[in-house]
Amino acid sequence: MPCPISHPRRHDTGPIFVEAGTAAPIAERFAALPGGVALVTQEEIPDTANLTISEALKMVPGVVVQDFFGGNDQPRIQIRGSGLQQNPVERGILMLQDGLPLNRADGSYIVGFADPGQASSLEVYRGYMANRLGANVLGGAINLVSPTGAGATGFSGTASGGSFGQAGLSGRMGFAEGAFDGLLHGDFSRRDGFRNYNSSQRVSIGGNIGYQISDTIRTRIFAGYTDLGFDVAGPLTKAGLYANPRQVHAGPVVTPDGPINPGPNVIRDKPRREASQFLIGSRTTAEFDAHLIDVVLGYTYTDDMFRFPISSGVRTTTGGDFTGVLRYAYRPDEAAPLPLFETTAQYSIGSAKRENYLNEAGSQGALFGKSDLDASTLSLHAGFNVPLDDQWTVSPTITYAHASRDNKDRFGEATRPTLGYRPGNPTMPFPDGAVPTVSTSYNRSYSGWSPSLGATYRFDDNNIFYAVVSRSFEPPTHNDFLATVNGTPNSSPGRPLPSVPPDPLPEDPNLSTDAFRTPDLKAQTATTVEAGWRGSYNETSWDASAYYSWIDNELLSLRDISGSSLGAVNADKTTHFGIELGLSSQITSRLAGRIAYTYQNFRFVDDPLRGNNRLAGAPRHIISALLNYDLTEDWAIQGGMRWNPEKTPVDNMNTLYADPYVVVDLHTQYRLNDSVTLFGEITNIFNEKYASSTLIVDQARSDQAAFLPGDGRGFFAGIKARF
């Protein structure tokens, strides 16, 4: 097993940020940056039968990943609270593969497309550090760096399996010949899941070819395809979670005193997501003395079907996005870890066709919405890193962003169909209904400037302090603008049912309400102050940062007491305060440890409804710890812990909470020879019943289905080979 205190190594594709002259080690460059960054090397990506983005990032402070259904699905991933309140999260972070955005042109993304198993390293840029990559978000950016044939010649493969029907197979083959190198990779994983309706599968294939055109110019072409599908097992009530976390919710129950246990009827509606993405791109880098030019071109085509519960219906989105990136760096001092000047221009443009259908007992029903979506985002960034002396460096930057979001409503009928089921007998439909069609067309544009001023102080060769003040700018996505509303667990969008119904229900199926909401949203902006310290002493190293953000118009995606969508709104004023601490140590020659601690205190400020409440969904403390012991030169064991020591609010009114929990895992790895390694693990050793995540709602009920159970105890094993 790789020691968790491993040292970063350079990969041929290099980090995203560019610089001229002889490349300094990537760790040195990251250490010199005036802001929150982290590098997860190949040695630190865990050998596990279920390698998800959650597993790969669990030891990165400041990155909070809350599993939804345990597989390659849609975990809630957020950095510094950006995009926190979406269900599922589809905004707030710039996700990249080799510098090419996986996000669509409007900023939305599908987190399941990120495959850490096919990455040689992961780069994490927190807060304003992501501006230099073309990000327009508060949270940051995550870049997955692919291996190359030059750095991974030969063949390597992994086969694994275990509990919950988990099975996986992956392989890669690389070559290098003269000025050419290339690599092909493939990955397949599937699982039945811990819960009753919880299957998932993902297939990804891809590769890259590099060519050294001359001593100063190199280029790389890469392509990939990912196909993803998973059942959406949905939330449970808190009582249901502790009684049987494997079950799925069957919807509200009608009693003489009114309905109880509000939430989706997973058994009837069979929510599921099936999505695929094709990516092709190129990156060409040219170095001329102190000057470096980097050009990235890419195209992605995404086909996404999301069968939500009946309250939202079936959403299909298909379309393509083109991205062009031009970066320039000037580094006259080859010994300097950072360029004296760097600038980036990124432009993304894309279009998509979206259709909305009724969810008719788990099948695609009548069409009730049809839209042509267009989006473009331009980001221009420039910055200096000016050394004042051997210890002080000042880094001013400026970023400008312009975003457009355009929707043309192509639904040509005078009314939109609706569907409803009897609350007392949720398999028996009411008569079909319809509501008047209200146009959902909109044309919105946003522009914003984001300056920053950072300073670093190098106390000695092993200790760097930094302080920054920065602005951020985040425009809404199409998913924020185009929300299905006025549905319930037993009715489609545009068809609200009485809240306390007798049975049979005297309902008017043509009750006139809108099926969509297209709010006039503002861009989310923030001012952030941040300070940090990176250092080491003997065999111990640390990376600590603290930040405080004053946010205007924070984008919130709200849900009601039944879990049905209310659409997006802008909060007035909110604050985000956080601490991010990573600590690692080689305790003895055989024993090494690592701790990642994240503190989050996100609050409304004098909100008319919510006062100074905490924002729902953000655990205040998240602690991850690893302890690795080398029994012999070839055999190691590792214990891991994930601890959330405090209850977390489910709703913005702070009336319902998820309970604290601690989960302990055990892992072992044995190297048979230089080519073959065996590994095994037991996850959640004590079979803890806990909510790994929750829905996020505005006002909750105590009996609401809002809790997503984490996996129970599991046993897994695998084999890795390299030739």
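Modeller: A residue is called buried when its relative accessible area is under 20%, and because arginine 91 has a relative accessibility of 2%, it counts as buried. The model is a predicted one, and in it arginine 91 belongs to the loop that runs between β3 (76-79) and β4 (93-97). The side chain of arginine 91 makes a polar contact with the side chain of aspartate 480 at 3.1 Å, and it also reaches the backbone oxygen of leucine 555 at 3.5 Å. Once its neighbours within four places in sequence are left aside, arginine 91 is in contact with a set of residues that includes Ser82, Gly83, Gln86, Tyr109, Glu474 and Gln524, as well as Asp480 and Leu555.

Turning to the rings, the structure holds 19 aromatic pairs. In one of them, the centres of the phenylalanine 164 and phenylalanine 716 rings are 6.2 Å apart and the planes stand at 65 degrees, so the pair is edge-to-face. Because phenylalanine 164 lies in the loop between β8 (154-162) and β9 (166-177), while phenylalanine 716 lies in strand β44 (residues 714-722), this pair ties together parts that are 552 residues apart in sequence. Phenylalanine 164 counts as buried at 11% relative accessibility, and phenylalanine 716 counts as buried at 10%. Elsewhere, ring pairs link Tyr548, Trp550, Phe577 and Tyr599 into a cluster. Charged ends also sit over rings, that of arginine 268 lying 4.6 Å from the ring centre of tyrosine 421 and that of lysine 647 lying 4.3 Å from the ring centre of tyrosine 657.

Terms used. Residues numbered from 1 in each chain as written. Predicted model: local features only at pLDDT ≥ 70, side-chain atom pairs only at ≥ 80, totals over all residues. Heavy atoms only, no water. Helix = DSSP H or I, 4+ residues; strand = E, 2+ residues; numbered from the N terminus. Buried < 20%, exposed > 50% of the residue type's maximum accessible area, 1.4 Å probe, protein only. Polar contact = N/O pair within 3.5 Å; in protein donor to acceptor, adjacent residues only side chain to side chain. Contact = heavy atoms within 4.5 Å. Phe/Tyr/Trp six-rings, centres within 6.5 Å; stacked < 30°, edge-to-face > 60°. Lys NZ or Arg CZ within 6 Å of the ring centre and 35° of its normal.
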